[in-house]
Amino acid sequence: MKLHLTQPEDTNLITAYDDHFVEVNKKRYSNHLIVMPNQIIEDWAIEGFAKLTVAHFTDILKLNPEVILLGTGKTHQFVHPKLTAALIEKGIAIECMTTHAACRTYNILMNEGRHVAAALLLAREQ
């Protein structure tokens, strides 16, 4: 799906996505990634939703977002609260949703000036 929104200068806008890629500022990524308004972690080192660990969320915590959107792929899934306890202790909200929904929600929050992190899991092409 192609998206068309106005973009604050020098920010990362998700411009397209499908199950196998996310496009940020018209550059395509096909690995799991983390998108924030001012930076991109291009190859988030994770094997998939079932392999999420506390360490993956600790890595995101270091980026100091105010909210994290976890795009869980094609299917909406929830993470176990023990994986995100450190985020909750720091007052950082985490929302789980499909990757498509996370892409759309990221753009809205980013355009509102929020310091949002979209941690996006993508389907691996076979």
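Student: Leaving aside its neighbours within four places in sequence, which residues is Phe21 in contact with?

Tutor: Leaving aside neighbours within four places in sequence, Phe21 is in contact with Ala16, Arg28, Tyr29, Ser30 and Leu122, where contact means heavy atoms within 4.5 Å. Before going further, a word on the basis: this is a predicted model, in which local features need pLDDT of at least 70 and side-chain atom pairs count only at pLDDT 80 or more, while totals for chains, interfaces and linings use all residues. Residues are numbered from 1 along each chain as its sequence is written, and side-chain values use heavy atoms, with hydrogens and water left out.

Phe21 itself sits in the loop between E1 and E2, the elements being DSSP runs numbered from the N terminus, with helices (H or I) of at least four residues and strands (E) of at least two. Although it belongs to a loop, Phe21 counts as buried because its relative accessibility is 11%; buried means under 20% relative accessible area, exposed over 50%, and partly exposed in between, with a 1.4 Å probe and protein chains only. Gln39, which is 18 residues from Phe21 in sequence, is 18 Å from it in space, C-alpha to C-alpha.

In the loop between E2 and strand E3 (27-29) comes Asn25, which has a positive phi of about 50 degrees although it is not a glycine. With a relative accessible area of 34%, Asn25 is partly exposed. A positive phi is also found at Asn64, another residue other than glycine, where the value is near 55 degrees; Asn64 lies in the loop between helix H1 (54-61) and E6, and at 56% relative accessibility it counts as exposed.

Tyr29, already named as a partner of Phe21, is also in contact with Glu42, whose other contacts beyond four places in sequence are Lys27, Asn31, His32 and Leu33. Glu42 is placed in the loop between strand E5 (39-41) and H1, and its relative accessible area of 43% makes it partly exposed. From Glu42 to Asn64 the separation is 22 residues in sequence and 17 Å in space, C-alpha to C-alpha.

Along the principal axes, the C-alpha atoms fill a box of roughly 35 × 35 × 20 Å. Buried residues make up 47% of the 126 residues, and of the contacts with a separation of 6 or more, 63% are between residues 24 or more positions apart.

The interior can be described through its nonpolar cores, each a set of buried Ala, Val, Leu, Ile, Met, Phe, Trp, Tyr and Cys residues joined through side-chain atoms within 4.5 Å. The largest has 21 residues, and those with the most contacts inside it are Ile14, Val22, Tyr106 and Leu120. Two or more residues are given to this core by each of strand E1 (14-17), strand E2 (22-24), strand E4 (33-36), strand E6 (67-71), helix H3 (99-111) and strand E8 (116-120), with H3 supplying the largest share, six residues. A second, separate core of 20 residues includes Met36, Ile46, Val79 and Ile92.

Two further buried residues complete the picture. Val116, in strand E8, is buried with a relative accessible area of 0%, and beyond four places in sequence it is in contact with Val35, Met36, Pro37, Val67, Leu69, Tyr106, Leu109 and Met110. Asn38 is 78 residues from Val116 in sequence, yet the two are 9.8 Å apart in space, C-alpha to C-alpha. His56, found in helix H1, is buried as well, with a relative accessible area of 10%, and its contacts beyond four places in sequence are Trp44, Ala45, Ile46 and Lys51. Between His56 and Ala119 there are 9.9 Å in space, C-alpha to C-alpha, for a separation of 63 residues in sequence.
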